[in-house]
Amino acid sequence: MKLDAVDLRILDAVQRDGRITKLALAEKVGLSPTPCWMRLRKLEKAGVITGYHARIAPRRIAPVASVMMEVTLANHRQADFERFERTVAAIPEIVACWSVGGGVDYILKIITADIDAYQRLVDGLLDRELGIDRYFTYIVTKTVKEETVLPVASFAGSDE
C-alpha cells in the first residue's frame with residue numbers, strides 16, 4: 001500500500017496516542033475531520049493499523065523477570081517450525097517471538113514473575129519435545145530503550 005505524507009502523519013499520531021479524538025487527530029495532521037476519519041478507516045481496513053493498545057509498566061504491578069531467549073531447533077522441516085510456533089503463540093508469558101536468520105532459529109522475549117517461573121516455562125517447553133536443540137538465556141538487567149512507536153516516515157515512501 002502506498003502511503004502519502006498525510007497517512008504517515010496519521011500513523012505517527014495514533015501510535016503516540018491511540019485514544020486521540022477524531023477532531024484532535026484531524027487538527028494534528030492538517031485535515032478536516034471527515035477526510036481524516038476516512039483515511040484512518042482505510043488504514044485499518046488495509047491492515048496497516050492492527051489494533052489499539054494500552055502500554056503497561058509491569059514492574060509497577062509486581063516484580064518481573066524479563067528474559068531474551070535464543071532457540072535453535074534440531075530439525076528444520078516446515079512441520080517442525082509450525083509446531084514450535086503454534087506452541088509459542090499459545091504461551092502468554094512469551095510476549096514476542098521472532099524467526100531470524102543466522103546462527104539461531106528464534107529469539108523470544110519472555111516476561112515471568114521471577115527466574116524460577118522462567119525455568120519452569122523452559123522445562124515445560126523441553127518436556128513438550130518441540131525439537132529444541134539448543135537455547136540460550138539472557139536476563140534483562142536494564143531496559144535502555146523499548147519503543148512501541150515505529151519510525152514510519154523513515155521507511156515508508158511518501159508522495160509529497
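1. Helix 2 and its cover. The buried residues of helix 2 (residues 22–29) are covered by elements that include helix 1 and helix 3, where contact means heavy atoms within 4.5 Å. Helices (H or I, at least four residues) and strands (E, at least two) are DSSP runs, numbered from the N terminus. The buried residues of helix 2 are Leu 25, Ala 26 and Val 29; buried stands for under 20% relative accessible area, exposed for over 50%, and partly exposed for values in between (1.4 Å probe, protein chains only). Viewed along the axis of helix 2, these buried residues fall within an arc of 100 degrees, so they line one face of the helix; the arc is taken from the directions from the helix axis to the C-beta atoms. Glu 27 and Lys 28 are exposed on the face turned away from the buried side. Just after helix 2, Gly 30 has a positive phi of about 80 degrees.

2. Basis of the model. This is a predicted model, in which local features need pLDDT of at least 70 and side-chain atom pairs count only at pLDDT 80 or more, whereas totals for chains, interfaces and linings use all residues. Residues are numbered from 1 along each chain as its sequence is written, and side-chain values use heavy atoms, with hydrogens and water left out.

3. Nonpolar cores. The largest nonpolar core has 18 residues, and those with the most contacts inside it are Val 71, Phe 84, Leu 108 and Ile 110. Such a core is a set of buried Ala, Val, Leu, Ile, Met, Phe, Trp, Tyr and Cys residues joined through side-chain atoms within 4.5 Å. At least two residues of this core come from each of strand 1, helix 5 (78–89), strand 3 and helix 6 (115–127). A second, separate core of 17 residues includes Leu 8, Ile 20, Ala 26 and Leu 43. Leaving aside residues up to four places away in sequence, Phe 84 touches Val 71, Leu 73, Cys 97, Tyr 106, Leu 108, Leu 130 and Ile 132.

4. Strand 1. Ser 66 is found in strand 1 and is buried at a relative accessible area of 10%. Not counting residues up to four places away in sequence, Ser 66 touches Arg 59, Ile 110, Ile 111, Tyr 138, Ile 139 and Val 140. Thr 72 also lies in strand 1 and is buried, with a relative accessible area of 8%. With residues up to four places away in sequence again not counted, the contacts of Thr 72 include Gly 103, Asp 105 and Arg 134.

5. The largest pocket. About 1400 Å³ of space lies in the largest pocket. On a 1 Å grid over the protein atoms alone, a pocket is an open set of points where a 1.4 Å probe fits, with protein on both sides within 12 Å along at least five of seven lines, and lining residues have an atom within 4 Å of a point. Grid points are joined across faces, edges and corners, and the volume is the space filled by probe spheres set on the points. The lining has 39 residues, of which His 53, Arg 55, Glu 146, Glu 147 and Thr 148 lie nearest the pocket centre. Helix 1 gives the most to this lining, with four residues.

6. Exposed positions. Glu 129, in the loop between helix 6 and strand 4 (132–139), is exposed at 65% relative accessibility. The phi of Glu 129 is near 50 degrees, a positive value in a residue other than glycine. Lys 45, found in helix 3 (residues 33–45), is exposed with a relative accessible area of 77%.
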